[in-house]
Amino acid sequence: MKRDFDFVVVGGGPAGLAAAVQARSLGLSVALVDEQPAPGGQIYRAVERAEAEGRAAALGADYRDGLALVRAFRDCGAVHFASRQVWQVEPEGRVFATDGRESIVLRGSRILVAVGALERPVPIRGWTLPGVMTVGAAQVLHKSIGLLPSPGVWIAGSGPLVLHFAAEVVAAGGRLAGILDTARGGLPEAAIANAAGMLRGWRYLARGLGYLAALRQADVRRVTGVEAVEAVGEGRIARVRWRVNGAWNEAPAEGLLLHEGVIPSTHMTFALGCAHDWDDAQRCFRPRTDDFGATDVEAILVAGDCGGIGGARVAECQGRLAAIGAATALGRLPVPERERLARPAREALARHRAIRGFLDALYAPPPELLAPPDDVIVCRCESITAGRIREAVALGCRGPNQVKSFTRCGMGPCQGRLCGPTVTGTIAAELGVPPAQAGAFRVRPPLKPVRLGELAALAEPGEGA
Ligand SMILES: Cc1cc2nc3c(=O)[nH]c(=O)nc-3n(C[C@H](O)[C@H](O)[C@H](O)COP(=O)(O)OP(=O)(O)OC[C@H]3O[C@@H](n4cnc5c(N)ncnc54)[C@H](O)[C@@H]3O)c2cc1C
């Protein structure tokens, strides 16, 4: 099978799919590698299967809209490497991907990193208990196999996905114990500071109000002004506790789904050595790019949520722009033609981005999530608490990599994906410096687990001892 391409796309969500379709229309040879068995990414996960099983309509019009993009991708002539995890990308354009048994190497003149977002870690007391998981994980189970939470499950957190998922559960005939809403950003303040964007993004607001109405109609309990949440139980969650106006409340819980927004998945771009900036509005690092997603590493482009959280429509526009930019960089599209083709994508991008300032202000994560109390576990893989990180800082550690050496924090199987943001936040708070100065974990390949036998099989004939 062909292994050399003009454009290799990593990630089959809206950004990657739109980029592949656009690049093919410009005559580039394209491969798309994705760890999921079918195209769609997070938002359109398993959309073809859900449609075939008659479940797609209950998952909402936005979800079903993804079918058109997935079908356009299937028809565009890109080579699809499905169920393959990319565990290494080299700045010169080699992409290594495993299916769990065998690794392949693809070569691209340009590589698009479109690996999406991950949920912001929510380190609270009890978050490692069985029965506590994230809203996103519950949504994966629902979209993939139609599984709904039991009626005794609570949701705690804030962000568009909380209301979206709760409404999704209700629409599918499920029930929830209730929602503990931790949103701290005042609605009036967020609205006043972002009035113009709110008006332009009224469709997104209308959707949010629709979710709230559906939840009210289904009589889902919603507690607002929640300042702190804890999961309590022996061996698994039995109760959830929450604080409002300084007073603690408690209720039985069969499960707890946490969510405090999503952050860019930056492991790949950090490993590639791309420059990153701290985004103060979204409280996360993101790779530095130009309008066409080009990074400071020549062969590498970025599109979608892994370059900064914008949502599915923004991701799609960025994917198209990245493909247009790549075609020009490869000498296949003159600059004036690039500008003509880019105009509609740029206009749509501005329209879909307009609401972001309001959402970022409304759902800003509370500071204690970024720097939790001493007894809270931060690194789940190695059971390292926030207190241990503070001790390491007191001993003189000035950044995440030193803390890693001193404590093993970030050395487990998740490779710091889950603790990284909290480690940065805790160090920054202790030292009284901006998070950008505290820095992030250094990332090294393999980005995903890979067997030694696969590595050995990749050796060129004549290499080795
Ligand atoms: C858990 C979760 C649930 C979400 N649910 C919703 C929702 O219901 N509605 C909504 O509007 N927005 C939702 N979002 C936000 C939404 O996913 C994004 O706005 C949108 O999907 C971004 O598109 P994207 O193409 O940038 O990334 P994604 O859609 O995330 O696509 C990235 C793809 O890359 C793949 N990938 C990642 N790493 C690798 C690797 N190493 N090798 C191979 N493949 C890889 C992923 O599996 C995924 O298929 C959700 C986000 C998350 C994290």
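User: How many nonpolar, polar and charged residues does the shell around the ligand have?

Analyst: In this predicted model, where local features need pLDDT of at least 70, side-chain atom pairs count only at pLDDT 80 or more, and totals for chains, interfaces and linings use all residues, the shell has 15 nonpolar, 14 polar and five charged residues. Ala, Val, Leu, Ile, Met, Phe, Trp, Tyr, Cys and Pro count as nonpolar, Asp, Glu, Lys and Arg as charged, and the others, Gly among them, as polar. Residues are numbered from 1 along each chain as its sequence is written.

User: What makes the ligand shell lie between domain 1 and domain 2?

Analyst: Domain 1 (4–118 + 263–333) and domain 2 (121–260) both give residues to the shell, so it lies between them; the bounds come from an automatic or database domain assignment.

User: Why is α1 called oblique to α3?

Analyst: The axes of α1 (residues 14–25) and α3 (residues 61–75), lines fitted to C-alpha atoms over the stretch in contact with angles running from 0 to 180 degrees between N-to-C directions, cross at roughly 45° and come within 9 Å. Angles under 35 degrees count as roughly parallel, over 145 as roughly antiparallel, 65 to 115 as roughly perpendicular and the rest as oblique, which makes α1 oblique to α3.

How values were computed. Helix = DSSP H or I, 4+ residues; strand = E, 2+ residues; numbered from the N terminus.
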